[in-house]
There are 2 protein chains.
Amino acid sequence: MKVRFEPFGVEVESQAGDRLLDLALEAGVHINASCGGEGVCGKCRINVEEGSVEGGLSEKISAEDAEAGVRLACQSTIIEDVTVRIPVQSGMDKVGLNALAAGSAQVAKLIGSEELKAEGRFDPSLSKLMVSAPPPSLEDNRNDVARLLSALKQAGENHFVFDFEAIRDLPSAWRDGEWNVTTTINRPVDPTKGRNHVIRVEPGDTTSKNLAVAIDLGTTTVWAQLLDLHTGEIVGTEGDFNGQISFGEDVISRIVYAAKPGGMEKLHKAAADSINKVLGQLSKRTGVDFSEVSLATLAGNTTMTQLFLGVEPKWLRLEPYVPSAAYYPPVKAADFGLDLPDHVSTLVFPSVASYVGGDVVAGVMGVGMHRSEALTLFIDMGTNGEVVVGNQDWMACAAASAGPAFEGGGIKFGMRAARGAIENFSVDPFTGEPALITVGHAKPRGICGSGLIAIVASLLMSGIIDERGRFNIDHPSDRLREGEDGPEYVLAWAKDTAIDRDLALTEPDVDNLMRAKAAMYAAYMTLLEGVGLTIHDLERVILAGGFGQSINLERAILIGLLPELPLDKYTFVGNGSLLGCRLVAMSNPLRAEVGGIVDQMTNFELSVAPGYMDNYTGSQFLPHTEAKTLFPETYRRLNEAKAALKEAAA
Amino acid sequence: MKVRFEPFGVEVESQAGDRLLDLALEAGVHINASCGGEGVCGKCRINVEEGSVEGGLSEKISAEDAEAGVRLACQSTIIEDVTVRIPVQSGMDKVGLNALAAGSAQVAKLIGSEELKAEGRFDPSLSKLMVSAPPPSLEDNRNDVARLLSALKQAGENHFVFDFEAIRDLPSAWRDGEWNVTTTINRPVDPTKGRNHVIRVEPGDTTSKNLAVAIDLGTTTVWAQLLDLHTGEIVGTEGDFNGQISFGEDVISRIVYAAKPGGMEKLHKAAADSINKVLGQLSKRTGVDFSEVSLATLAGNTTMTQLFLGVEPKWLRLEPYVPSAAYYPPVKAADFGLDLPDHVSTLVFPSVASYVGGDVVAGVMGVGMHRSEALTLFIDMGTNGEVVVGNQDWMACAAASAGPAFEGGGIKFGMRAARGAIENFSVDPFTGEPALITVGHAKPRGICGSGLIAIVASLLMSGIIDERGRFNIDHPSDRLREGEDGPEYVLAWAKDTAIDRDLALTEPDVDNLMRAKAAMYAAYMTLLEGVGLTIHDLERVILAGGFGQSINLERAILIGLLPELPLDKYTFVGNGSLLGCRLVAMSNPLRAEVGGIVDQMTNFELSVAPGYMDNYTGSQFLPHTEAKTLFPETYRRLNEAKAALKEAAA
């Protein structure tokens, strides 16, 4: 359905049920809105001129106005093509400042068994095979394992070793199944080396039950996915917070905590408990008994991996930042406290460096970066923004110490993307009046990462802050004022908030964001320069991670967090770590490629990488000191906007 | 030193400290002795004619007699060459019935590292290697494992995988050792397949501490040996009872107990506790901290193996007698309750069949039967006599259900070889008066296996029982009488015993022994016939096991328990199971041969083997129904003895 915003003449595609206010902000159309979308401030009044919307009426709107088509944008949802008019200040209609060029990023397809099958790669290392044998007699009383081996040989399968537990369970499996037994076989990564492991035996035919779980152990959240390796189906996905948060928000504070007496054990247990909680939810939601699961794959950053495995993480944070290992052998899930059967091995994704871990390797593998000719920039953004540049021939990676700004850290009213966090924003350049959208459409409580980017981008485009991040304190709006920490912009007055005080963005907040985004951008540049390339050579950008998913690309480019590339060169991949875990469980050929990825990735320690500090300094500008060459389109638009504002004001 | 027994003119070699009574009986010279060697019955009076002995005086000997050289044989020990005269009954001096031909079995050399070194086979799979590396820097911050791998590569070692625990311990090992680390490396059986496992890392140089334990888990006893793999030295050996005895004397009763609720767990725990007790004794005795041990090897019969590993043993005792497996993968000692460090793998000897287990395989391997051209009969005698026949080209094996007679079971006054058990015996054919030697030289309490053989052999040679095992009730001695269970021979009168009642051997006892020895002999015959050979083709016999060690060969042949072969064709090997465990720990090439041995061994189920029942029936004679061909020398001696007795009596 089409929604047209007048007087700007901006038209966007929408889905039934979309909210008008959200659509307007996404389209770069400003509508004043103070309460985050809760419908209480009454400021987001619009006129429905053609077609109709659902809802949008309020006690703030008189019967007469309602009759004339007035609605609250934050309460109106789309049901058909509609044209709405926004009451604007003088000049605003001419400027239409925020209206952005069309074009948007791709969302990566959820790679499932269909794609793998099409590529001939749906081929899990874990398989089940049912075999039968004649019962033993005095003339043929070979042992139970020998009987199974000869039945497997008849079925064309060879080169087996038995896990102890399979031997232990075999006598009753043969007899309970009346000499029919299903073996669960784990093939080695390289079938020419190593042997097939029989990890489980069950009486009778259970070949249709072949399950695995993929686990993404993140610093903040834990995700698990139940996979049916028989059909290739994703049976379910669940996530929850990582209980380690109680011991510290980021990896550094966890490493510090691990050094305390009993710290390691507590952190390990918190991780295991969190995974178990998610597995429990997954089992409940899908109705699948997890005693049927036979494989787990797990990825996390290097710290999460070492803490889960109980490997001393201290050296990760001390120069020269040495991880214990790249590769870990498969470990028994039960040995590490997971509520999974004894026979379940966990394949742990290898790490490249202290701050480039298995989650990044999983993501890179998941998106197939190592099999593409295109020069790709892979970004997993968070406290540590992990960055990988390269293609099928080479890869360079680094961790950028972005700091916690994207997670609300170091920002006066910063918070996680929880209920009441401002996540989208727009500003009227003339009045300085804002439009806020909050998570859950609740009264604002603070600012989350995507909100911060939206706010700074909007204020920059409106000339309320300049390229150095300084506030234009001469602006007529009373929202601009001198606060405790210097100049600040009041996002919401106390009465409109859920915290009963003025919620503002300060100059130090802007500085923090600029440092964070500068760290990221400098990382891209440094990696590329390290191999003699530049930003201009990039052919595509892949954004992974939960935060990556919620970024508005235009705004992130506007402030210089992401490189200026046509938006269709961007791909959102979501949880790349979980994606990689799933693919490894579903495809032994892909699993075999993981080692090559790690070996291919050259890690740069940015703190000692030549040119990094220069790049960092140059990036501490909005969008960049070299905007003219690195961000030519942004540079042009910012100048256009300045000129338009000047003209309108005149 | 020489000891000459008159009037028989028998001369034997002896060591200082040997007891005269023991020497006489070993030489087949009869001296009356009722009290088992305690010195209280006063019957074993002898005259020292030349030289002197230590001790031998008693209140039973008058001062005058003492002056004349009279001593008690049971209290006299050898200090120099001596000639003693034994007071004999009329005729006895002419008959000298029991004096046996010279010749004795070999005792197998304790195979240690010297022999292995001489053969180029001292080459433990477990080795230690100390390597050093430069400390990491920002320019070279490879992970700890990568640093170790490159140091190992520089030392010429390749193809490694790391056990998880080694990775876990590596960060502190590198740093505590100031970038010197000792790796404990476990090589695969076949170095062309598989990879070297790094199972442990320690800071600094600990290469001189490379220890293993060999464990023999027997039904009755548990033995452990501490091995220094650096020097090849046997540091110590300890043994104790298997605590499973409380749940049943033999494997069958243990299997039955295992089926009770909690039975398996109790039996597993009893075995683990017993091993731990022995390991504790070994650690205490040798002063070695067992946290330094890095490898365990373990052998037991199939039931002991399955109970230790917690593998259902039920099917071992039910027709068609199917074990769970031949081969088990190496298992973590700590996972099975052993007080050994986490990194210790236990190599468990494979089994051939339900009643031919890892202990037999270890023994066969230990004596090198699979590398010898000589047609060898290997016997491990116990409740189940395990028998292996073959050479380097082939091997056939079987378990003979000898029953518990050799362990005192089914014998009226039967007992284990504990204090007070009659272990040696001789009889005066004319008077029927016995000479008893008991374990610990205590008053007699019962009869152990070796005593039973000695008694029956002596009574047979004296004509007191006949070839069918029937008592000659017409013998003038009052020790022959009709008892509760039919004819019996009183070994000791109540007053001379520790049990206050007449201690006798009954005809049913003799029947039981005959059945047991017939089962053994029929097994040898059946296995040989199975491959178209006969007893006459045998080139050597190897006796393994504690009971094997205590057998008097001449007497065992006399009753038909062992085949008639020159005694120098016999070898006592002692604890073959422990020997095999030691060799496997000390020699990877020998370890590699174990699989071949198992594959080479064809198991015969005697109960369905053609000819077995005929052989069994034929063997239920003393020594055999076909004595003339199978036991020609024994046959000749028995006939000579009969004639001599007849002549002397006349």
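In the predicted model, 35 residues of chain B are in contact with 35 residues of chain A, contact being defined by C-beta atoms, placed from the backbone, that lie within 7 Å. On the chain B side, two or more residues each are given by α5 (144-154), β10 (160-162) and α6 (164-176); helices (H or I, at least four residues) and strands (E, at least two) are DSSP runs numbered from the N terminus. The largest share, six residues, comes from α6(B). By class, this side has 23 nonpolar, six polar and six charged residues, where Ala, Val, Leu, Ile, Met, Phe, Trp, Tyr, Cys and Pro count as nonpolar, Asp, Glu, Lys and Arg as charged, and the others, Gly among them, as polar. Of the interface residues of chain B, 100% are also interface residues in chain A, so the copies meet through the same surface.

Residues are numbered from 1 along each chain as its sequence is written, and chains are lettered from A and ligands numbered from 1 in the order in which they are written. As the model is predicted, local features need pLDDT of at least 70 and side-chain atom pairs count only at pLDDT 80 or more, whereas totals for chains, interfaces and linings use all residues.

A cis peptide bond runs from Glu319(B) to Pro320(B), with omega near 5°. Pro320(B) is placed in the loop between α10 (314-317) and β17 (331-332) of chain B. Leu622(B) and Pro623(B) are likewise joined by a cis peptide bond, with omega about -5°; Pro623(B) is in the loop between α18 (612-618) and α19 (627-630) of chain B.

Methods. Two residues are in contact if their C-beta atoms, placed from the backbone, lie within 7 Å.
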